[in-house]
Amino acid sequence: MKGYRRQDGRTGIRNYLVVAYLVECAHHAAREIVLPYRDRGAHLIGFAGCYPNAYAERVMKRLATHPNVGAVLLVSLGCESFNRRDLAETVRRSGRPVRTLVLQEDGGSRATVAAGRAWVEETLPKLHAMSRSDMQPGDLVVGTICGGSDATSGLTANPAIGKTFDWLVDRRATAIFEETNELLGCERHLAARAITPELGEELAAAVLKAERYHRVLGHGSFAWGNAEGGLTTQEEKSLGAYAKSGSRQVSGLLKPGDLPPRGGLYLLDVVPDGEVRFGFPNICDNAEAADLMACGAHMILFSTGCGSVVGSAVAPVVKVCANPETYRRMAEDMDVDAGRILEDRGTLDEVTGELIDRVLRTADGEPTASESLGHQEFILPYKSFEPIGPSCLPGGPARE
Amino acid sequence: MLRLAPADNVAVATAALAAGQSARLDDTRLTLLDPIPLGHKVAVAAIARGEKVLKCGCPIGSATREIRVGQHVHVHNLKSDYFATFTRQQPAVVAKEPPT
């Protein structure tokens, strides 16, 4: 297995050029710049808001210096609040090529798109020429999400992801689960798996915070499609979702942008702190993907029963299909047919073995189903967080 | 069908099952009173109104009406103890009367 060694010591499994718009007003120009290079490793990310937001700036810095990213082009309108100089400086210090284009200073849409494409044209060959270094399974940071869950998710795909997480953690890799709002009812069991009692209390508190947040908004993390798929209640969905975390001890609690200091299993708290502001914590599955990538996730194991098609910019998404009927309808969008367990066409251990193999091949550069189909979804909403407390990372935080 | 924990009063269908069909559960069989889609729940014990429904040995909500063995257990007879379940087709899922 080989990857791209970065100046900060991390290794990437892709070498993408990221084009980032810093406000929705610059989205069009950024998208036009990416379009001709979409299949050659140029990815589009961005933040739509014009008002300043510390969370969004932190996540954008993490994504622009993500191990899978080799070069960054920033596209600004000019008058938005985003601190483009600070972001560009962060990327420059990370040793990556960076360029900033400002629509209001660089001649408007057409001239900016032309300048952007010229920079991409000049930069991509340098990225393609970079050599790869050896990488071990223990170097991987793997996140997990479920999306479009149905009643099969908790029976097949989620347990297979849980066992894959156990396999990764046993090899000193980093595994991150989140969806604290989908752990409701499991919080005491989760707390008992923490490496210290103080961390256990933080984990349980994160789940209860999610409950309070959703109660104010009047809606749990439950879509009607979940019910059509046979899930009746939030707590039933939680039972299935929790299986993705596997069985190992939990080493820490992260918030978006915190880098796991060492291998192990981590819970990522994606629900904002303080009073309920800015609406739902995760407006869709890709908002969770952005938070996982901000913690350095190289790839995302995505469990789906109803059948999600999404991929992601920056981090490959491995789709684990829980429902055999869905798999037959949407096989091209899926990487692993976990639902075959229900039809006696394979055991949980066999599906887990296939998923581990898929993780390692993805890490070594093989495209996933959503990558092959060109999926590069990305969304970054407004949020606000307090820093994590001292009990959250019992071994101490990562050195910056 | 699959009972996920010994204490469970529901089992899940590992394939779509028809009403009137006799389905295997562990070493016994029971007759289904409703069609059960893949992954959906069937009562495998009589459940009283207000009683907790158990899956994987954990409560997943409370019964909103009496549920007979073999009946489909879903949004028409089970509610969350945390949040109301959002239903985009509200009229279609309420008032599903048990067969007479």
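In the predicted model, 39% of the 100 residues of chain B count as buried. Chain B contains one helix and eight strands, and its elements follow the order β-β-β-β-β-β-β-β-α from the N terminus. Among the contacts in chain B with a separation of 6 or more, 43% are accounted for by residues 24 or more positions apart.

Three of the strands of chain B form an open sheet in the order β1-β4-β7, with antiparallel pairing. Strands β1 (10-12) and β7 (72-73) of chain B lie at the edges of this sheet, each pairing on one side only. Strand β4 of chain B, which comprises residues 41-43, pairs with β7(B) in the antiparallel sense over two bridges. Within β7(B), V73(B) is the residue that stands opposite K41(B).

The contact between the two chains takes 24 residues from chain B and 24 residues from chain A. On the side of chain B that touches chain A, the elements giving two or more residues are β6 (58-63) and β8 (78-79) of chain B. Strand β6(B) gives the most to this side, with three residues. By class, the residues of the side of chain B that touches chain A comprise eleven nonpolar, eight polar and five charged.

Helix α9 of chain A spans residues 234-242, and nine of its nine residues are buried, so the helix is largely enclosed by the rest of the structure. These buried residues are Q234(A), E235(A), E236(A), K237(A), S238(A), L239(A), G240(A), A241(A) and Y242(A).

Helix α5(A) contributes P159(A), A160(A), K163(A), T164(A) and W167(A) to the contact, while α12(A) contributes L348(A), V351(A), T352(A), L355(A), I356(A) and V359(A). The residues of this contact fall into eight nonpolar, two polar and one charged.

The crossing of α1(A) and α4(A) is right-handed. In this contact, A29(A), E32(A) and I33(A) of α1(A) meet S109(A), T112(A), V113(A), G116(A), R117(A) and V120(A) of α4(A). The contact of α1(A) with α4(A) comprises four nonpolar, three polar and two charged residues.

Technical notes: Residues numbered from 1 in each chain as written. Chains lettered and ligands numbered in written order. Predicted model: local features only at pLDDT ≥ 70, side-chain atom pairs only at ≥ 80, totals over all residues. Contact = placed C-beta atoms within 7 Å. Helix = DSSP H or I, 4+ residues; strand = E, 2+ residues; numbered from the N terminus. Nonpolar A, V, L, I, M, F, W, Y, C, P; charged D, E, K, R; others polar. Pairing = 2+ DSSP bridges. Left-handed = near helix turned anticlockwise from the far one by under 90°. Buried ≥ 20, exposed ≤ 12 C-beta atoms within 10 Å, placed from the backbone.
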